Structures are given as C-alpha cells and as structure tokens.
Amino acid sequence: VGISKATLYQHFQSKDEMLVQLMVQSYKRYIIWLDTVAEQSPLGQLTGTMHYIMEGNIAPLSGLMRLGRETILPIFHNDKQLIDLHGQVMQLLTGIVRKGQAQGQILSETPPDVVLSAMWALSNVTMSVEDQANHDIHFSDSDSYAAHMVTLFERSIKPA
C-alpha cells in the first residue's frame, strides 16, 4: 500500500483487524451495489451479481481466501459485525431468489441456498486473463469468458 508496517499498525491493532475492515468494506460496497439494482428483475439482479463478482468487485475477498479457510474463518466467526453483514447479504440474496421463484423467473424447485451456492461456485472457478492466455483461450469483448459463465448460471436457474 506504499506505507511502512509501522504506519499501517498505527491504524490497525493487528493483521486480523485489518482483514476484518477489508471484509466489512467489501460487504458494505456490495450491499450498496445491490440497492442500485433493486429495480431490476430478480433474474437480472442475480446475473448482475455474477457480473459484479466476475468484474473483480470482490477481488479483495478472493485474495483473502488464498490465505486459507483456517486463517480467515476464525477471524470471520469472531467478529459480530462481519457475521451480521454476511447474514444481511444472504437474507437479501435469498429474498431475490424467492421473489424470482414466485414470479416464475427462477426454478421454484431449486432451494435458494443451492442457487446462491451455484452462483458463488461458478464465480470462484473463473479463469484469470493470464489463465486464458496460457490455455490459448481468446474471447472478444462482446463474447467474454465472464459472459459465458453468467449465461451458464442464468440457464441453470431459469425455467425452460
């Protein structure tokens, strides 16, 4: 970040506190973003969420996950604000899925937690631009890897 460790620790008591603040900021940005798409259809909100994730808007969280579940989960589970924000996000997303199911936009027989798990799983297995280059995979801007993943997700939750 361009500052010394000593300066960084003037703002945070520990590395854990710094990680908590990073996660809190990411959750809060995501909740604000969800509010900006609230007028879209539920299917639009969920596919928009896939785009949001795949465009790197939660990149700091994916970076944290590289530290390992053993490192991150205890930090997460020991912070009430993080637990509350996670619960709020899950409640919002579950509400979007249920609304979409009630409107016939999303498969009604698929439990909301399965829909959300599929969204997170697909977004977490995406290839970076570097991975695409290493595998000689080329997409034009209008035909991107992310767009294919979003289409795959949409087709998996949408009634035939």
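The model is a predicted one.

Start with the overall plan. The protein chain has nine helices and zero strands. Read from the N terminus, its elements run α-α-α-α-α-α-α-α-α. The chain holds 160 residues, and 35% of them count as buried. Now look at contacts with a separation of 6 or more. Residues 24 or more positions apart account for 68% of these contacts.

Next, turn to helix H3. It spans residues 42–57. H3 is mostly covered, with 12 of its 16 residues buried. Among the buried ones are Pro42, Leu43, Gly44, Gln45 and Leu46. Further along H3, Tyr52, Ile53 and Met54 are buried too. What do the buried residues of H3 pack against? Their partners are H2, H6, helix H7 (112–124) and helix H9 (145–157).

Take the partner H6 and look at how it meets H3. Two packed helices are described by the angle between their axes and the distance between the axes. Helix H6 covers residues 80–102. H3 and H6 pack at an angle of about 140°, and their axes are 8 Å apart. Roughly antiparallel would need an angle over 145 degrees. H3 and H6 are therefore oblique to each other. Their crossing is left-handed. On the H3 side, the contact is made by Pro42, Gln45, Leu46 and Thr49. On the H6 side, Leu93, Ile96, Val97, Lys99 and Gly100 take part. The residues of this contact between H3 and H6 divide into five nonpolar, three polar and one charged.

H6 also packs with helix H2, residues 15–36. The axes of H2 and H6 come within 10 Å and cross at roughly 25°. Angles under 35 degrees count as roughly parallel. That makes H2 roughly parallel to H6. This crossing of H2 and H6 is left-handed as well. Which residues meet here? H2 brings Val20, Met23, Val24, Tyr27, Lys28, Tyr30, Ile31 and Leu34. H6 brings Gln81, Leu82, Leu85, His86, Gln88, Val89, Leu92, Leu93 and Ile96. The residues of the contact between H2 and H6 divide into 13 nonpolar, three polar and one charged.

Now zoom in on the aromatic rings. A pair of aromatic rings is described by the distance of the centres and the angle of the planes. A search of the whole structure finds three aromatic pairs. One of them joins Tyr30 and Trp33, 6.0 Å centre to centre with 15° between the planes, and it is stacked. An α-helix has 3.6 residues a turn, so residues three or four places apart point the same way. Tyr30 and Trp33 are both buried.

Trp33 has another ring partner, Tyr52. The ring centres of Trp33 and Tyr52 are 4.5 Å apart and their planes lie at 35°, so this pair is tilted. Trp33 belongs to helix H2 and Tyr52 to helix H3, so the pair ties together parts that are 19 residues apart in sequence. Is Tyr52 buried or exposed? Tyr52 is buried, as its relative accessible area is 8%.

Key
Residues are numbered from 1 along each chain as its sequence is written. This is a predicted model: local features need pLDDT of at least 70, side-chain atom pairs count only at pLDDT 80 or more; totals for chains, interfaces and linings use all residues. Side-chain values use heavy atoms; hydrogens and water are left out. Axes are lines fitted to C-alpha atoms, for helices over the stretch in contact, and angles run from 0 to 180 degrees between N-to-C directions. Helices (H or I, at least four residues) and strands (E, at least two) are DSSP runs, numbered from the N terminus. Angles under 35 degrees count as roughly parallel, over 145 as roughly antiparallel, 65 to 115 as roughly perpendicular and the rest as oblique. A crossing is left-handed if the near helix is turned anticlockwise from the far one by less than a right angle, and right-handed if clockwise. Contact means heavy atoms within 4.5 Å. Ala, Val, Leu, Ile, Met, Phe, Trp, Tyr, Cys and Pro count as nonpolar, Asp, Glu, Lys and Arg as charged, and the others, Gly among them, as polar. Rings of Phe, Tyr and Trp (its six-membered ring) pair if their centres lie within 6.5 Å; planes under 30 degrees apart count as stacked, over 60 as edge-to-face and the rest as tilted. Buried means under 20% relative accessible area, exposed over 50%, partly exposed in between (1.4 Å probe, protein chains only).
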